[in-house]
Amino acid sequence: MNLQAVRSIYLFEMARTFRTILQSIISPVISTSLYFVVFGAAIGSRIDQVEGVSYGAFIVPGLIMLSVLMQSVSNASFGIYFPKFTGTIYELLSAPASFLEVTAGYVLAAATKSLMIGTIILATAFLFVDLTIQHPVWMVMFLVLTCISFSLFGFIIGIWAKNFEQLQLVPLLVITPLVFLGGSFYSISMLPPVWQTITMFNPVVYLVSGFRWAFFGVADVSLGLSLAAITGFTALCLVVIWAIFRTGWRLRD
Amino acid sequence: MAPIVSVKDLTKTYTGGVSALKSVSLDIEEGEILALLGPNGAGKTTLISTICGMTMPSSGRITVGGHDTVRDYRKARDLIGLVPQEIWLEPFEKVHATVAFSRGLFGKRRDDAHIERVLRQLSLWDKRDAKVIELSGGMKRRVLIAKALSHEPRVLFLDEPTAGVDVELRKEMWETVRELKSRGVTIILTTHYIEEAEAMADRIGVIAHGQILLVEDKTALMQRLGAKRMEIELQERVTEIPQGLAAYDLALGDEGRRLVYTYDTQAERTGIGRLMNDLQSAGLAVRDVHTTQSSLEDIFVDMVKEDAA
Ligand SMILES: Nc1ncnc2c1ncn2[C@@H]1O[C@H](COP(=O)(O)OP(=O)(O)OP(=O)(O)O)[C@@H](O)[C@H]1O
Ligand SMILES: [Mg+2]
């Protein structure tokens, strides 16, 4: 194993993150605060409670998920797209490092950044609503797993993308709708039956549900199913990345 | 001794259908400097990229230090340093950081002293905290070299290292390359400057249209090129070479107004003195004399033309 390569890539990427830390953190914090004001205060005052939880608190897990998913995908996709764009990928391709090592370096760096942002948003949430986290260990585990799996997904997007438009398209056109329609701001049980069935095909439902269970002990789907879904998604991404490096798709001529 | 780099029957056809390498075989000995010459699009970069792992071979086999570059890529790439033709650098990174990064990527333990040595050797130490974007073109190219040297390769590929580098720096770069050679590093460089190949290489390879036309010892090649021509302009036209001069390798030119004498500069006697005497004896008055030497460039241009025909 070339762990030194993983470490080098990780630290190099983290250094880039810390150079732009302020803009990385300010924008999610501001947008999350706005969500709290709009959803929590304005709308929440009329909704009262969802499944025994105040609406303001109910949306916290969903809001964190929204930011973490977006951040993971965009951090990781940018992380690997940029070397492709500047040509410095030549070094990754000619280094004595395996696909797993290169992927680990970039994905762990992207996941770390989204984890930091997720944590900051959680801290911000405490300013707006009363929160008690019932299963903190599970909460952290869900958060970390989500950061990693969606960073893997973002990594694939970064390799796939041929230009900056494509790079931004996926978070915008895929992630945002999936999160909004994935029960981030409502309980699935509030939907008409047909939509409940359709929603079950949305992978984000399982993430938000598991994550929310860790907070409040209530869930749309069972904990086991949530865990299986996120593990399955992670495994799928890994297989795809393995295949990409094996065939050299969009990496090597 | 087994060659440090061995390329056997390598072909490369790009996805678009361009056949960039056609059954290339090449052995590179440890410690030598091999210069690859060839016109644009000859396949020099493709050959290097395929050895280094950026491009996948369509068929054939490559070993570096005895390790297959596909199956045993880790061990093979451990030995290789690559300086690409293009300036592939991240614009906002600092010089020292990006060079140190390369070392780590190649699995080598951090070694600030080594990085400092490399940066000093390439006159980049003063610029260590500058961002890449603030550097001149020649400096950027040296950063690329520093990155490749950061992980102490045994085989160094330099793809047009002196393109866009001024004369003085070029000489300095040659010096760096010689120093590396003296430490036992094998160097493969591509260039369009014949004098660069002449000045640096132990062996010279010529590649065109994806094929290696020749790989030869430089001194042997230069000897072959040692032939010199002396053109003797005559006061008056002659219709044929006079009897008394039959012993010389002479040709008639410019409708009899000129004699062309070909001789070997490496030979002990060039025969010029005797020829001059004999010209006088034959009653030919000489108006002017000048000599030309065929260069590597002539041979190279001829060869590429022949190949195209
Ligand atoms: N990525 C690529 N995809 C398709 N064709 C390519 C690619 N890279 C190079 N080629 C083609 O392969 C051939 C060899 O190119 P290569 O870059 O190896 O030449 P070169 O000898 O390095 O030329 P130069 O002196 O201009 O650098 C050319 O016909 C080129 O158009
Ligand atoms: Mg080239």
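Is R74(B) buried, partly exposed or exposed? R74(B) is partly exposed, with a relative accessible area of 27%, on a scale where buried means under 20% relative accessible area, exposed means over 50%, and partly exposed lies in between (1.4 Å probe, protein chains only). The model is predicted, so that local features need pLDDT of at least 70 and side-chain atom pairs count only at pLDDT 80 or more, while totals for chains, interfaces and linings use all residues. Residues are numbered from 1 along each chain as its sequence is written, chains are lettered from A and ligands numbered from 1 in the order in which they are written, and side-chain values use heavy atoms, with hydrogens and water left out.

The partner of R74(B) is E101(A), and the two form a salt bridge in which the closest N and O atoms are 2.9 Å apart; the term stands for a side-chain nitrogen of Lys or Arg within 4 Å of a carboxyl oxygen of Asp or Glu. Because E101(A) lies in helix α5 (residues 99-128) of chain A and R74(B) in helix α2 (residues 73-78) of chain B, the pair joins two chains. Helices here are DSSP runs (H or I, at least four residues), as strands are (E, at least two), and both are numbered from the N terminus.

In contact, meaning heavy atoms within 4.5 Å, are 29 residues of chain A and 31 residues of chain B. Together the chains bury about 2,600 Å², 59% of it on carbon and sulfur atoms, where buried area is the accessible area (1.4 Å probe) that two parts lose on being put together, summed over both. Of the area that chain A buries against chain B, F12(A), Y90(A) and P96(A) supply 27%, more than any other three residues.

Between chain A and chain B the count is 5 salt bridges, and one of them links the side chains of E93(B) and R16(A) at 3.7 Å, N to O. The elements that give two or more residues to the side of chain A that touches chain B are α1 (3-19), α3 (55-86), α4 (89-93) and α10 (223-247) of chain A, with α1(A) giving the most, at 7 residues. By type, that side of chain A divides into 12 nonpolar, 10 polar and 7 charged residues; Ala, Val, Leu, Ile, Met, Phe, Trp, Tyr, Cys and Pro count as nonpolar, Asp, Glu, Lys and Arg as charged, and the others, Gly among them, as polar.

The side chains of E30(B) and R154(B) meet at 3.1 Å, N to O. Since E30(B) lies in the loop between β2 (19-28) and β3 (33-37) of chain B and R154(B) in the loop between α5 (137-150) and β7 (155-159) of chain B, the pair ties together parts that are 124 residues apart in sequence. E30(B) is partly exposed at 31% relative accessibility, and R154(B) is partly exposed at 38%.

Another salt bridge joins the side chains of D112(B) and R110(B), again at 3.1 Å, N to O. Here D112(B) counts as partly exposed at 39% relative accessibility, whereas R110(B) counts as exposed at 67%. Salt bridges that share partners also join E13(A), R16(A), R19(A), E90(B) and E93(B) into one network.
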